[in-house]
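This briefing concerns the structure shown below. Please keep the sequence and the model at hand while reading.

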Amino acid sequence: MRIMVVDDDALAGELTAAVLESAGHEVVLVENGIEALEKFGEDRAFAMVVSDMNMPLVSGIELFRHLRDANIDIPFILLTGDDPAPMMAEEPRLDVCLTKDASLEISLIEAIEAANERRRRA
């Protein structure tokens, strides 16, 4: 699956990309929400977005909302250092919100499967 990873922290983005690539996914890494929106303007051939929440200029949730407003309705996984429950309550259209922690290597792959399953059922 071709996945866009959006993270302003280069190390965190590379780690997320490495987890996804080790699971067999093709990853395109971008540094911020503005670059992500530009990339979607050029190429919409992404199956999913995995984005950091707290980024300057355009946050992860703002990116999600921009994509939905542009009728880009692909699975979206939001990564946060905070409690993910309030974000899911605030934005019920969000597929998954995960805590960035040491279990990300496992939880991210599980989240991809859960997001895809949720879409299949809808």
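Which residues does L20 touch, not counting residues up to four places away in sequence? L20 touches I3, V5, H25, V27, V50, L108, I109 and I112. The model is a predicted one, and the points below begin with the helix that holds L20.

**Helix 1 and L20**

- L20 belongs to helix 1, which runs over residues 10-22.
- L20 has a relative accessible area of 0% and is therefore buried.
- Although L20 and I112 are separated by 92 residues in sequence, their C-alpha atoms are 9.6 Å apart in space, and I112 is among the residues that L20 touches.
- Helix 1 has 13 residues, which at 1.5 Å a residue should span 18 Å; the end C-alpha atoms are 18 Å apart, so the expectation and the model agree.
- A12, G13, T16, A17, V19 and L20 are the buried residues of helix 1.
- An α-helix has 3.6 residues a turn, so residues three or four places apart point the same way.
- A10, L11, L15 and S22 are exposed on the other side of helix 1.
- Strand 1, strand 2, strand 3, strand 4 and helix 5 are what the buried residues of helix 1 pack against.

**Helix 3**

- In helix 3, which comprises residues 60-69, the buried residues are G60, I61, L63, F64, L67 and R68.
- Viewed down the helix axis, the buried residues of helix 3 fall within an arc of 155 degrees, so they line one face of the helix.
- The elements covering these residues include strand 1 (2-6), strand 3 (48-52) and strand 4 (76-80), together with helix 2 (33-42), helix 4 (84-90) and helix 5 (104-121).
- After helix 3 comes N71, which has a positive phi, near 60 degrees.

**Nonpolar cores**

- The largest nonpolar core contains 22 residues, and those with the most contacts inside it are M4, V6, F40, V49, F76, L78 and L94.
- At least two residues of this core come from each of strand 1, strand 2, helix 2, helix 3 and strand 4.
- Helix 3 makes the greatest contribution to this core, with four residues.
- Beyond its neighbours within four places in sequence, L78 is in contact with S51, D52, M53, G60, I61, M87, L94, V96, C97 and L98.
- Another core, of 17 residues, lies apart from the largest one and includes V50, V96, L108 and A111.

- Strand 4 pairs with strand 5 (residues 96-99) in the parallel sense, over four bridges.
- T99 in strand 5 is the bridge partner of T80.
- Strand 4, helix 4 and strand 5 together form a right-handed β-α-β unit.

- Is E26 buried or exposed, or does it count as something in between? Its relative accessibility is 46%, so E26 counts as partly exposed, given that buried means under 20% and exposed over 50%.
- E26 lies in strand 2, which covers residues 26-30.
- With residues up to four places away in sequence left out, E26 touches M1, R2 and I3.
- E26 and T80 are 54 residues apart in sequence, and their C-alpha atoms are 22 Å apart in space.

Definitions and conventions
Residues numbered from 1 in each chain as written. Predicted model: local features only at pLDDT ≥ 70, side-chain atom pairs only at ≥ 80, totals over all residues. Heavy atoms only, no water. Buried < 20%, exposed > 50% of the residue type's maximum accessible area, 1.4 Å probe, protein only. Arc of directions from axis to C-beta. Contact = heavy atoms within 4.5 Å. Pairing = 2+ DSSP bridges. Right-handed = clockwise from strand over helix to strand, strands pointing away. Core = buried A, V, L, I, M, F, W, Y, C linked by side-chain atoms within 4.5 Å. Expected span 1.5 Å × (residues − 1).
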